[in-house]
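Hi everyone, thanks for making the time. Let me put the sequence and the model up on the screen, and then we'll walk through some helices and sheets together.

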2 protein chains.
Amino acid sequence: MTDTERAVHAAAQRSQEAAAELAPLTRAAKDEALSAMADALVDNAESIVSANAQDISRAREAGETEAVIDRLALSRERVGGIAEAVRAIADLPDPVGEVLRGNVLPNGLELRQIRVPLGVIGIIYEGRPNVTADAAALCLKSGNAALLRGSSSAYASNSRIVEVLRGAVEKTAVPADAVQLVPGSGRESAQALMRERGLVDVLIPRGGASLIRTVVRESAVPVVETGEGNCHVYVDEAADPEKAVAVAVNAKTQRYSTCNTAETLLVHAGIAERVLPRVLRSLRELDVTVHGDERVQEWDETVVAATEEDWATEYLSADLAVRVVDSMDEALGHIRTHSTRHTEAIVTDSQAAARHFTSRVDAAAVMVNASTRFTDGGEFGFGAEIGISNQKLHARGPMGLPEMTSTKYVVTGDGHVR
Amino acid sequence: MTDTERAVHAAAQRSQEAAAELAPLTRAAKDEALSAMADALVDNAESIVSANAQDISRAREAGETEAVIDRLALSRERVGGIAEAVRAIADLPDPVGEVLRGNVLPNGLELRQIRVPLGVIGIIYEGRPNVTADAAALCLKSGNAALLRGSSSAYASNSRIVEVLRGAVEKTAVPADAVQLVPGSGRESAQALMRERGLVDVLIPRGGASLIRTVVRESAVPVVETGEGNCHVYVDEAADPEKAVAVAVNAKTQRYSTCNTAETLLVHAGIAERVLPRVLRSLRELDVTVHGDERVQEWDETVVAATEEDWATEYLSADLAVRVVDSMDEALGHIRTHSTRHTEAIVTDSQAAARHFTSRVDAAAVMVNASTRFTDGGEFGFGAEIGISNQKLHARGPMGLPEMTSTKYVVTGDGHVR
């Protein structure tokens, strides 16, 4: 074991001990700690901003773009916003203790399945230091110990934020080790974290596709895979053209950088004439580059010829792949081949078409006459989310507090034997 | 890619295609296929028994014990029993389509979270060929394609059973590839299966601890870990001695080879005098070897001195580790150190003690005044189980049909945009 591995292992052990203390705490005890965290962030805003200044100056020396620096930068106002987000999490219902199933078995045993915390949640994330407090608060609210591994570019900010949060919670019933930063900021510390199966119950990577792929490939700890979204909008022959244009344009252009943004538009040939010209005009006005197949190119000379790669690309930019299909089954085949199983949308006024599409598309979320942009914990009414899972195990789609829990069967008898 | 890898990859692709066909099938269509499977097993019992004879004679040549051969052996009657189990699975409710959450969002979007099949379930198992039909039926009932990798010792039996099942389902709406045996029976085929992330949605290993550990360590496909159970019975100071003796003896001796069998008994010092002598006498009569600490040894000269290793051992045999503790917290500390988080039991008449224990023990199931042996899909009323998960992600405890599903959000609007 290297020094880093030893330090990460010791931290994971402390997290596990903290998790055991956290599990039986009441909602009131956890909310008190969250409230103390929010207060402490506000009270220590100045020292957080000055730690952040070190990260910023290092980023400038490294020649980072202004966009990167803006995402990294904290001000008193931004710290205030982070504190408000922590308070909002405290206001959410506590998922722990909820009875999911319960009945009396024929032999008189009383069976209850109850939500319990997962235990230790490891989070590997990039960029923004606001994730630090947000992830810590979501973990604490759901009774879990947070073991955080932020990016090295925000190490000074993250270290100070975690110091402030730990100082706040240790004055309450919550142990300081409920919130820990993984020691070290190099690649080795992330790798050591991924080997802590048995101490860390789940790893949630938050960041770009390459970070997520690395964690999925290398982690011995179970992973909840988040993020990648090559989302499609399919305009059915029976669509209302107005709604089709509105949904297609919104799904692409309301925001480019999010995983629920549409990257490919599929239009049924039978309605292309009534929909495509208007969509293409709107997209041109918004400076979106359209990568189209031959039939799409006929409508607009600014359309770029689409390649096989375009169908597979999550652009996250002002680009949209567009294809005309001759049937819904052709659209379903295209989606099956290229989908990342995140969000797929159909625009149609036909009940039969909607039913066919929703039962056959394999994705975390299927939208009918609604923009793909609605796949979001906030939009779904979850209050907060730790990420959007596009795997099928454990949690699928936006992950709120209930998705950060496991279950336990409590079986009560009166000396029952088999 | 080797030939085996190519063959396994092609099989996984066929499974994925079959899964896409299975997902939208109605309960009636799936039950018809299950019924056809059961009929075909009965009709082809003779050829299954004769294929099994090849496995048996190979096992005899290899010098296997009669116990191993008995577990491998199929007769007409046993095949009939397998067919009955398939029919019983058909009778269970279909988990697919169940609405788990649903509401109308403030903007009018209708949100529903629906159970859907996982897709392709890979099962790596040992020994008994009855698992082949059982696993195939559970997968099919829950809308999943089964990709089965049995042990090489049962390869002839498994091949014939799968052939019979495929012949039966392909006369119905279910595609033959809904049930496939992984090509090849060597170690390489299991390893190839574990690399099929993206095509295989989950791997469930069924078998001994070493098989499960290998799969957990080597698999790139997400795994649901089943099986290992180092279960404890804690007899609290406030226990009813009668119930304590009954539960302790039953938890150890009702069956030795199961994962929910108790392996360690912890007795509070304040009640040891009223409980331990009777437990030790019963165990001696049943030829159980007790591995006890010094205080236990005082009660019975046949008690063997327990070592540190005994506390960590899942005996699966007529052995029990026994320790006297001075407090519940000492028992909880012992359990936290040695538990595999499967099933832990307390015997007590104190509400406060039961509450303290159940909220602090981290396990799939916590029994109060009941034998650990009740952690079982059949006992819990699930009708059938694919295994008992002792991991925290996705499913924890006995896994019935609902645990073999994922979810999908279906969101219906009227041209909604953000």
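Before anything else, one definition: when I say two residues are in contact, I mean that they have heavy atoms within 4.5 Å.

A bit of housekeeping. This is a predicted model, where local features need pLDDT of at least 70 and side-chain atom pairs count only at pLDDT 80 or more, while totals for chains, interfaces and linings use all residues. Residues are numbered from 1 along each chain as its sequence is written, chains are lettered from A and ligands numbered from 1 in the order in which they are written, and side-chain values use heavy atoms, with hydrogens and water left out.

Okay, chain B, helices α14 and α15. Which residues meet here? From α14(B) we have M328(B), D329(B), L332(B) and I335(B), and from α15(B) we have A353(B), H356(B), F357(B) and R360(B). By class, that contact has five nonpolar, one polar and two charged residues. For the classes, Ala, Val, Leu, Ile, Met, Phe, Trp, Tyr, Cys and Pro count as nonpolar, Asp, Glu, Lys and Arg as charged, and the others, Gly among them, as polar.

Two packed helices are described by the angle between their axes and the distance between the axes. Axes here are lines fitted to C-alpha atoms, for helices over the stretch in contact, and angles run from 0 to 180 degrees between N-to-C directions. For α14 (residues 328-338) and α15 (residues 351-360) of chain B, the axes come within 11 Å and cross at roughly 20°. These two helices are therefore roughly parallel to each other; the words go by angle, with under 35 degrees roughly parallel, over 145 roughly antiparallel, 65 to 115 roughly perpendicular and the rest oblique. The crossing is right-handed, and that goes by the near helix: turned clockwise from the far one is right-handed, anticlockwise by less than a right angle is left-handed.

Now jump to chain A. Helix α8 (residues 187-194) and helix α9 (residues 209-218) of chain A have axes that come within 10 Å and cross at roughly 45°. So α8(A) and α9(A) are oblique to each other. R187(A), Q191(A) and M194(A) of α8(A) touch T214(A), V215(A) and E218(A) of α9(A). That contact splits into two nonpolar, two polar and two charged residues.

Further along chain A, the axes of α10 (residues 241-253) and α11 (residues 269-285) come within 9 Å, crossing at roughly 35°. Among the residues making the contact are V245(A) and V249(A) of α10(A), with V275(A) and V279(A) of α11(A).

Two strands pair if DSSP finds at least two bridges between them. How many strands does the open sheet with mixed pairing have? It has 10, in the order β10(A)-β9(A)-β11(A)-β8(A)-β7(A)-β12(A)-β13(A)-β16(B)-β2(B)-β1(B). At the edges stand β10 of chain A and β1 of chain B, each with a single partner strand, so one side of each has no neighbour in the sheet.

Inside that sheet, four bridges join β9(A) to β11(A), which run parallel, and G292(A) has V322(A) as its bridge partner. Over in chain B, β1(B) and β2(B) run antiparallel with five bridges, and there G102(B) is partnered by R112(B). Their hairpin has five residues between the strands, and G108(B) takes a positive phi near 95°.

Last stop: chain B has an open sheet of four strands, β5-β4-β3-β6, with parallel pairing. Its edge strands are β5 (179-181) and β6 (202-206) of chain B, and the twist averages 20° from one strand to the next. Helix α7 (residues 155-169) of chain B packs on this sheet, touching β3, β4 and β5 of chain B. Over to you for questions!
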